[in-house]
Amino acid sequence: MEQTALKQLASRLSLEEKVGQLVQVTPDFFGNQGEITGPLRQGADQQKLYQIGSVLGTHRAQEVQQIQETYLANSRHKIPLLFMADVIHGYETIFPIPLALASSFDSELIQKVARSSAVEATKEGIHVTFSPMADYVKDPRWGRVLESNGEDVRLSTELTKAYVRGYQGNDLKDETSLAACVKHFIGYGAAEGGRDYNTVDLSDIELYQNYLPAFEGAISEGVRLVMTSFNSIHGVPVTANKTLIQTVLRGKLGFEGILISDWAAIAELKDHRVAENSREAAKKAFEASVDIDMMTDCYSQELADLVEETESMEALDAAVWRVLQLKNELGLFENPYRGMKTTVDKKELNEVAYEAATRSAVLLKNEQVLPLKKEERILVVGTKATSTDVLGAWSWIGDCHAAVSLAEGMKKEFPHLTILSVAEETVEWSAIEEAARQADKVVIAVGETSEEAGEAASRTDLRLREIEQTLIDRVFKHNTNSILLTFSGRPLVLTEVEPKVKAIISAWFLGSQTGSVLSALLSGAQNFSGHLPMSYPRSVGQLPYSYQEMSTGRPKTSENADQKYISRYLDEENGPLYAFGHGLSYSQFTYSALELSAKQLQKNGQLTLSVTIKNDSKQAGYALPQIYFQDEFTEVIRPKRELLAWQQVNLQPGEKQMVQFVIEPDDLAYVHSNLRRTTDPGAFRLFLGTSAVDILSETKITFVG
Ligand code: NOJ
């Protein structure tokens, strides 16, 4: 629709119709008879329902079509509804959870996954996805780390941007493009004690340094929506936090799109006890410039009167305009049923799911037990051996039963396979022990259910469940060649079980292709290439933890490790069990030392860092050279080591390749006490590593500011 026609349409809306555009409900509000249920019920009527702007959580095209038809037939201006959904790691074809995908360190792969999700979701009538989640995280007690890109802000920013590019494509008019909604603004991942929805308190430096950049990245890619988070920050729930939203999100980050509340977050301002009633809650959210009220009746009941009372028609018009513009950009006025006629190539989607899963699994330990050989007698045993609960938390459309379990996948590849599943109630230990004795190798598959990771799935104990630990102990007594394969939505604490197994695989939740992919990785038909985007802690007592440790005034060193008054634990090491960036491969790579194109970096200049990598094995594989840096002296404290750049390099057996990294002054910048991000002149140490702690070589440069 032409902009002038859209403006005319906007000007014809009554006050109530304008408010309606800012209201979002679930499809069950549109029952068979169009009756109204749920939070809008009180005082709501049919007329209000046919004024609303958007619906969240439909499943199928048919449902969307039905709701849209009824709505259009009954609404005065026939402004099509927007349909939104949580398309987080696929729609029907389920890809690995975001934390797993982040293990690929590969933005191109993630862009491809997001594009594939968009193709499948738009076909079912979805227009907007509540993804990507750009929350900065360093506490795996918080179940939502599953949806994150891990603990490094630079990696997370790159991957967040890739999701937005993938979902939105080049043009939202393209019927296979989904508008993206980056969430949760802001600080949600810093929930105290790792408890979901809990209070957050952050310094501004931390906020600017680690929490905002991924949102800024999404905005730079043109993300159309932002979602507010449930938590408070600086003492005020974000959904009512005028300063943060207006000064930071709309101001500093320049976000001009739609701001939507999280589910019921406006009404929850009453539970936070910062609003006495719905009127006050609506007022606070609206004044903060939250455009869409997801699933409460605060806007629908209160906003019209409020706008009149406070003479804020201009703000209302601006919010409505943002909604209408998105509808127009998506081409909904021309085709309210957009996307439903496109075709989806299931085979292609499954191929992407297979590739993504292959690139997401992480081999944490391998003492010459992997790959498994076809002729070996293999026992696969554990709570997850035959489970199809491998898709992960956000697979509400995905068919769990269509997923390939580990045992199912392995059956095709290993002729001498014994499968024993372990369920809490019926464990036949003697049979397991006998089978372990008979086997050459044992694959122990254990871990979380999809209910135990994700939203509202915080945990204080990240060890394997008791029965799983017992299983490892019992197998260990009879067979020392075991491979531990864990499913989880977060890093687990494996410190106690680690010495009892020869290999460990973090399989996260890998999606629809889980069993086939894991089987191919176990047999060596495929190679491991995933690297941890989040550290595996040694103990839950270390949390929150990030590899970006600061120096402190009393740093622990190899010389003072036994002294008392230094920064350390009495009962545990400071570092993680498996560090950020760690991930093994069946290939062996050798790395040259780092080479610099110049020792000095000039203002507005750049320099190139090179390293030559060789695949010294008989198996093709991906190497992941990681460049870390340290600013030697800083105005505010900075990490001892911080990720600067990385590259996935695919090398054939015997192949050698030179990899280059271009460094510019801005790459070395950090947020100072004045909250400005600038680069200090002076010395910087540069490290080449295969993880945050496995450093192969080091060099130094000077920035001449
Ligand atoms: C609540 C979650 O926090 C958010 O991430 C999600 O998008 C909404 N529910 C909608 O389902």
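A charge sits over a ring if NZ of Lys or CZ of Arg is within 6 Å of the ring centre and within 35 degrees of the ring normal. The model shown in these views is predicted.

**View A. The charged end of Arg641 sits over the ring of Phe687.** The distance to the centre of the Phe687 ring is 4.9 Å.

**View B. Lys564 lies over the face of Tyr565.** Here the distance to the ring centre is 5.9 Å.

**View C. Phe105 and Phe580 form one of the 17 aromatic pairs in the structure.** Their ring centres are 5.8 Å apart. The planes meet at 55°, so the pair is tilted. Phe105 sits in the loop between helix 5 (98-102) and helix 6 (107-123). Phe580 sits in the loop between helix 19 (514-523) and strand 17 (589-591). The pair therefore ties together parts that are 475 residues apart in sequence. Phe105 is buried, at 2% relative accessible area. Phe580 is buried too, with a relative accessibility of 0%.

**View D. Phe286 and Tyr299 form an edge-to-face aromatic pair.** The rings are 6.2 Å apart, centre to centre, with 85° between their planes. Phe286 belongs to helix 12 (residues 278-287), and Tyr299 to helix 13 (residues 298-310). The pair therefore ties together parts that are 13 residues apart in sequence. Both Phe286 and Tyr299 are buried.

**View E. Ring pairs link five named residues into a cluster: Phe105, Tyr547, Phe580, Tyr628 and Trp646.** Phe105 and Phe580, the tilted pair of View C, belong to this cluster.

Conventions
Residues are numbered from 1 along each chain as its sequence is written. This is a predicted model: local features need pLDDT of at least 70, side-chain atom pairs count only at pLDDT 80 or more; totals for chains, interfaces and linings use all residues. Side-chain values use heavy atoms; hydrogens and water are left out. Rings of Phe, Tyr and Trp (its six-membered ring) pair if their centres lie within 6.5 Å; planes under 30 degrees apart count as stacked, over 60 as edge-to-face and the rest as tilted. Helices (H or I, at least four residues) and strands (E, at least two) are DSSP runs, numbered from the N terminus. Buried means under 20% relative accessible area, exposed over 50%, partly exposed in between (1.4 Å probe, protein chains only).
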